[in-house]
Amino acid sequence: MPTLTPPVEEIPIIASPVSDTLLPKAKRVASVDVYRGFVMLLMMAEVLQFEKVSKAVPSSDFWRFMAFNQSHVPWVGCSLHDLIQPSFSFLVGVAVPYSIAGRLAKGAQFSHLLRHTIVRSLILILLGIFLRSMHATQTNFTFEDTLTQIGLGYTFLFLLGFASARAQVIWLAIILIGYWTAFAFYPLPGAGFDYAAAAVPPNWENNLQGFAAHWNKNTNLAMGFDQWFLNLFPREKPFVVNRGGYTTLSFIPTLGTMLLGLMAGNTLRKFSDNKDKLKRLIVPGVILIVASLLIHVLGINPIVKRIWTPNWVLFSGGCCFLLLALFYAIIDFYNLRKWSFPLMVIGVNSIAAYVFAHTIDSFIASSLSIHLGNQYNQFLGVSYSTLISGTFILFFEILILWWMYRKKIFIKI
């Protein structure tokens, strides 16, 4: 994983070996760690299972709201939960200028940095595949996991970290417009298409109509690619579709999300005035959200997270800019930090937090049942049993991360 925590020490002014661009001094940006911790907490909090509580208490608007924001929307739109992956990807981009500057300050050569980046990319890809194979009978070669998606694009992001701001904007446009064009020219399914075989009801309320149908679930370019690509690997059975609609090629627009984060990271690193930084985070955030909503309403491109449409890059990227601005204002501008310590503990060990959420939660749950009894989570009633057990699991995961923080154990790739 890229170094997600900006270096503690100051970075002297040095010249990049690739260009004459000077790298100014930079200090740790605490708000980045806190924002990352907030994102990872949202992911870890899936163990609270708000959706089950909402179903058990169907009359509660509060739990219905909480359940909605702890699950992904079926196709078009966005919930708070949908912002986890783009935020994580965005923050990888934010960290890149600090990572490059810190390593160059220590005398690293570009060739060494590139080799190190390629190794990071491969580890991220393999770790994502490993986590997706945890409960399979053989290796599950799938590439839509968050870590895998980041790994597929991270080397390209590193190279763009040495480009000028103008070049980065141009590459962002090429990525988004090129990806949009490829989908737009992919043929739509014919009149006799078997939607059931694609795990999509023919009259599904989330099916898009007209030109937007090029971005429908499991009938798009990216799924067509996966029906060829994923079957090149050994599998338990031939790949037909991903029931959630997720695809390998989403790593291309995900690179666009990371590139927006790279731009935000350059803003934090290069400008010294805090008010100026806030303005340079808020303005593009608002512009991106307004532009994406307009593009969506005009039918040019829908906002769909599951296949990471170019318009999702704009919308989620705008949200990430504003969230970063919010945390920067609270933590670094107004210096209100005491409340954020738990988020800091999670944020500085984000890889460990990610792995914990995908591995040890079931072990903790079974251990609690063994030592406290199967009914320990029902003292508020059966309706809230999953909430109680999830709270215990979350508590122990954060406790482990706190212990690692105290012992200065930080898992980085």
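The model is predicted: local features need pLDDT of at least 70, side-chain atom pairs count only at pLDDT 80 or more, and totals for chains, interfaces and linings use all residues. Residues are numbered from 1 along each chain as its sequence is written, and side-chain values use heavy atoms, with hydrogens and water left out.

**Exercise 1. Describe the largest pocket and its lining.**

Step 1. On a 1 Å grid over the protein atoms alone, a pocket is an open set of points with protein on both sides within 12 Å along at least five of seven lines; lining residues have an atom within 4 Å of a point.

Step 2. Count the lining. It has 33 residues, and Glu 46, His 72, His 81, Arg 132 and His 358 lie nearest the centre.

Step 3. Sort by class. There are 13 nonpolar residues (Ala, Val, Leu, Ile, Met, Phe, Trp, Tyr, Cys, Pro), nine charged (Asp, Glu, Lys, Arg) and 11 polar (the others, Gly among them).

Step 4. Find the helices, which are DSSP runs (H or I, at least four residues) numbered from the N terminus. Helix α1 gives the most, with four residues. Among the helices that supply at least two are α4 (84–105) and α13 (350–359).

**Exercise 2. Is Thr 386 buried or exposed, and what does it touch?**

Step 1. Buried means under 20% relative accessible area, exposed over 50%, partly exposed in between (1.4 Å probe, protein chains only).

Step 2. Thr 386 sits in helix α15 (residues 385–406). Its relative accessibility is 15%, so Thr 386 is buried.

Step 3. Contact means heavy atoms within 4.5 Å. Leaving out residues up to four places away in sequence, Thr 386 touches Val 47, Leu 48, Gln 49, Lys 52 and Val 53.

**Exercise 3. Which residues touch the most other members of the largest nonpolar core?**

Step 1. A nonpolar core is a set of buried Ala, Val, Leu, Ile, Met, Phe, Trp, Tyr and Cys residues joined through side-chain atoms within 4.5 Å.

Step 2. In this core of 89 residues, the answer is Leu 268, Leu 324 and Leu 401. Helix α11 (residues 310–333) gives the largest share of the core, 13 residues.

Definitions and conventions:
1 Å grid on protein atoms, 1.4 Å probe; cavity = no way out; pocket = protein on both sides within 12 Å on 5 of 7 lines; lining within 4 Å.
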